[in-house]
Amino acid sequence: MNANHHIALTDQAIDVAAVLHAAESAEAGAVNAFIGTVRNRSEGRRVVRLHYEAYPPMALHQLARVAEMAQAQWPMLRRVAVTHRHGTLEIGDVAVVVAVSTPHRADSFAACQFIIDTLKEVVPIWKKEEYEDGTVWVSAHP
Amino acid sequence: MNLTVSLFGIAREIVGQSSLSLTVPPGQSAAGLLAELRATYPPLADLRSLAVAVNNEYAAEDLMLHERDDIALIPPVSGG
């Protein structure tokens, strides 16, 4: 467990400022953040709300592992903060915040993108979209 | 030996419960477990991917399972 990594899952509204604050470092001139929010359309259908289901122990473990992978690839990373929401989310709610800090900005953009992209591939969290006429587990089928 | 398998998302809906208790031969592999579950619940075979996780790590196909392992079925993830 790396003391410079702050990883969390929550079923409450994400405090974005707190995640950004957790990523700050006196040694870093750049803080870069990605904020994922719930949008109202998906592949042409109107989304009413979303349901995120997580496998918490594995999700936290895999999130920490993604942060370690980023740290290995960008050794200049000072802090990594990731918070992912689960439960029921309404349109506009924040689903995930990834924030990183580095001495210079180019590395912070790259590391932040790597973390959100890799999170979406390996972290056991599932999104179910609710429409006016039904629900679908996202990306479940080819 | 007896295994408990935790289920999530669409896999949980297909099976109709959040965990399964199974009796499997000693030395059952992750791939063997998947094959057995796909045979019992054919809609699992229609998923884009289905992984076995053991003790919070994705399991290699030939990983041998043990009674005390935390085993979970991982349908395609879609966080973020």
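Tutor: Between chain B and chain A about 2,200 Å² is buried, 54% of it given by carbon and sulfur atoms. In chain B, the residues that lose the most area to chain A are N56(B), S78(B) and G80(B), together 29% of what that side buries. This is a predicted model, in which local features need pLDDT of at least 70 and side-chain atom pairs count only at pLDDT 80 or more, while totals for chains, interfaces and linings use all residues. Residues are numbered from 1 along each chain as its sequence is written, and side-chain values use heavy atoms, with hydrogens and water left out.

Student: What does buried area express?

Tutor: The size of an interface is often given as the accessible area lost when the parts come together. Here the area is taken with a 1.4 Å probe and summed over both parts. The contact (heavy atoms within 4.5 Å) takes 22 residues from chain B and 29 residues from chain A.

Student: How many salt bridges are there between chain B and chain A?

Tutor: A salt bridge has a side-chain nitrogen of Lys or Arg within 4 Å of a carboxyl oxygen of Asp or Glu. The count between these chains is three. One of them pairs E13(B) with K128(A), whose closest N and O atoms are 2.7 Å apart.

Note on methods
Chains are lettered from A and ligands numbered from 1 in the order in which they are written. Buried area is the accessible area (1.4 Å probe) that two parts lose on being put together, summed over both.
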